[in-house]
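Let's take a friendly walk through a protein model. Have the sequence and the 3D view ready.

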Amino acid sequence: MGLSSPDSVNGSEEPREPSVVSILLRLMAYVLILAAILLASAGRLDWVMGWIYMAPYACVTVFGVLVVPLDPGLIEERTRINEGTKEWDKRISVVGRALYPSAQAQAGGHDHRGVGPR
């Protein structure tokens, strides 16, 4: 048997607050995924305006995580779907968090490349 703390044996161990670094890494990964979608749909990595478009996302993410870490638990709570969340609210959350921003990035890249109606 491995070593464990007395609290973990009784099952009373409290969940740990997420670190600012882990939150920042997760959110920056999201920004990089959006940048990849934008640049891939544009068909080029050297599209300067695409990088300029993504810069505010990165800046706001860093600002929000590093300058306002007053309550990391609040950031964690707002970035996760918790127990008891209604099914319709989960669906809206998926659209708002993932599909809309990625569709917007893809549309921007396609527009740059000239794909779509003219």
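What follows is a short report on the core, the surface and the charged pairs.

## About the model

This is a predicted model, in which local features need pLDDT of at least 70, side-chain atom pairs count only at pLDDT 80 or more, and totals for chains, interfaces and linings use all residues. Residues are numbered from 1 along each chain as its sequence is written, and side-chain values use heavy atoms, without hydrogens and water.

## The core

In soluble globular proteins, nonpolar side chains tend to be buried together. Here the largest nonpolar core has nine residues, including Val-31, Trp-47, Met-54 and Ala-105. Such a core joins buried Ala, Val, Leu, Ile, Met, Phe, Trp, Tyr and Cys residues through side-chain atoms within 4.5 Å, where buried means under 20% relative accessible area, exposed over 50%, and partly exposed in between (1.4 Å probe, protein chains only). Helix α2 contributes the most to this core, with six residues.

## The surface

Leu-32 also sits in helix α2, residues 20-42. Helices are DSSP runs (H or I, at least four residues), numbered from the N terminus. Leu-32 counts as exposed because its relative accessibility is 55%.

## Charged pairs

How many salt bridges are there? The count is two, taking a side-chain nitrogen of Lys or Arg within 4 Å of a carboxyl oxygen of Asp or Glu. One joins Asp-46 to Arg-44, with the closest N and O atoms 2.8 Å apart. Another pairs Arg-91 with Glu-87 at 4.0 Å; both lie in helix α5, four residues apart, about one turn of the helix.

Key. Helix = DSSP H or I, 4+ residues; strand = E, 2+ residues; numbered from the N terminus.
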